[in-house]
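Student: Could we go through this structure together? I would like to discuss the side chains and how they pair.

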Amino acid sequence: LWSCDLEGSTLTDGCVFRFDSSWQSVLVAQEGSASPVADRRWGPLDDLGLHVNASGSWTLRAALDAGDPATDALIVKDGAVFVREGDTLPDIAPSTFDDFGRGRALIDQGGHVVWYGHWDDHGQPSEGLFRDDRLLVRAGQTLVQGQLLVGLSSGPDDLALTPQGDLLLFEGTLAGGLEGAFLLDVGP
């Protein structure tokens with residue numbers, strides 16, 4: 001899975017490709033072309049979160065073009081919408097997602113996706129790490145060795161996941177300003 005910047009119009013020059021099972025290049029997304037959301041096209045593809053597992057399943061964190069700005073960010077899994085800005089999950093309801101950070105949504109060998117989400121909880125910004133539709137870690141609520149986790153990093157290299165999906169390494173900040181990398185066992 002890879003992205004590229006083609007020559008030509010800046011409205012259509014960003015692309016994402018993958019190899020299929022016979023090692024042929026397959027176009028996954030191109031700026032200005034149809035997205036998996038009806039009546040919406042891919043927006044700029046220059047700030048991507050791409051990830052692929054050894055089985056060829058993949059994720060893409062990207063944005064859609066013009067339309068409702070409250071629903072333009074999304075995470076795609078194997079070509080279908082996985083989660084989208086404006087969606088909610090039981091662990092954060094009735095709040096809805098308003099951002100997915102700048103990192104990658106990681107996919108393990110079992111097809112489970114670990115990802116960063118941000119939402120507004122009754123006027124208070126909230127953020128967490130999810131595995132599929134389950135909240136694993138929430139800033140302001142999760143304790144790390146007895147200390148409150150007050151912030152999560154959401155950049156391109158701030159999450160790491162073992163191929164089996166049993167161990168998650170993430171960056172965050174504890175109360176008092178201590179920053180670190182923390183390991184979470186997310187196995188069955």
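This is a predicted model: local features need pLDDT of at least 70, side-chain atom pairs count only at pLDDT 80 or more; totals for chains, interfaces and linings use all residues.

Student: Let us begin with the rings. How many aromatic pairs are there?

Tutor: The count comes to 12 aromatic pairs. One of them is formed by Phe 97 and Phe 130, with 5.4 Å centre to centre and 75° between the planes, an edge-to-face arrangement.

Student: Where do Phe 97 and Phe 130 lie?

Tutor: Phe 97 belongs to strand S8 (residues 97–99) and Phe 130 to strand S11 (residues 124–131), so the pair ties together parts that are 33 residues apart in sequence.

Student: Are Phe 97 and Phe 130 buried or exposed?

Tutor: Both Phe 97 and Phe 130 are buried.

Student: And what about the rings of Phe 100 and Trp 115?

Tutor: Their centres are 5.9 Å apart and their planes stand at 65°; because edge-to-face requires an angle over 60 degrees, the pair of Phe 100 and Trp 115 is edge-to-face. Phe 100 is in the loop between S8 and strand S9 (106–107), while Trp 115 is in strand S10 (residues 113–121), 15 residues apart. Phe 100 and Trp 115 are buried as well.

Student: Which residues do the ring pairs link into a cluster?

Tutor: The cluster consists of Phe 82, Phe 97, Phe 100, Trp 115, Trp 119 and Phe 130.

Student: Changing topic: how many salt bridges does the structure hold?

Tutor: There are four salt bridges. Among them is the one between the side chains of Arg 40 and Asp 65, at 3.8 Å, N to O.

Student: How accessible are Arg 40 and Asp 65?

Tutor: Arg 40 has a relative accessible area of 9%, so Arg 40 is buried. Asp 65, at 26%, counts as partly exposed.

Student: What does Arg 138 pair with?

Tutor: Arg 138 forms a salt bridge with Asp 121, with the closest N and O atoms 2.6 Å apart. This pair links distant parts of the chain, with Arg 138 in strand S12 (residues 134–138) and Asp 121 in strand S10, 17 residues apart. Arg 138 has 11% relative accessibility and therefore counts as buried.

Student: And Arg 102? Which residue is its partner?

Tutor: Arg 102 forms a salt bridge with Asp 99, and their closest N and O atoms are 3.8 Å apart. Arg 102 is partly exposed at 42% relative accessibility, and Asp 99 is partly exposed at 25%.

Student: Finally, where is Gly 8?

Tutor: Gly 8 is in the loop between strand S1 (2–5) and strand S2 (14–19). With 58% relative accessibility, Gly 8 counts as exposed.

Definitions and conventions
Residues are numbered from 1 along each chain as its sequence is written. Side-chain values use heavy atoms; hydrogens and water are left out. Rings of Phe, Tyr and Trp (its six-membered ring) pair if their centres lie within 6.5 Å; planes under 30 degrees apart count as stacked, over 60 as edge-to-face and the rest as tilted. Helices (H or I, at least four residues) and strands (E, at least two) are DSSP runs, numbered from the N terminus. Buried means under 20% relative accessible area, exposed over 50%, partly exposed in between (1.4 Å probe, protein chains only).
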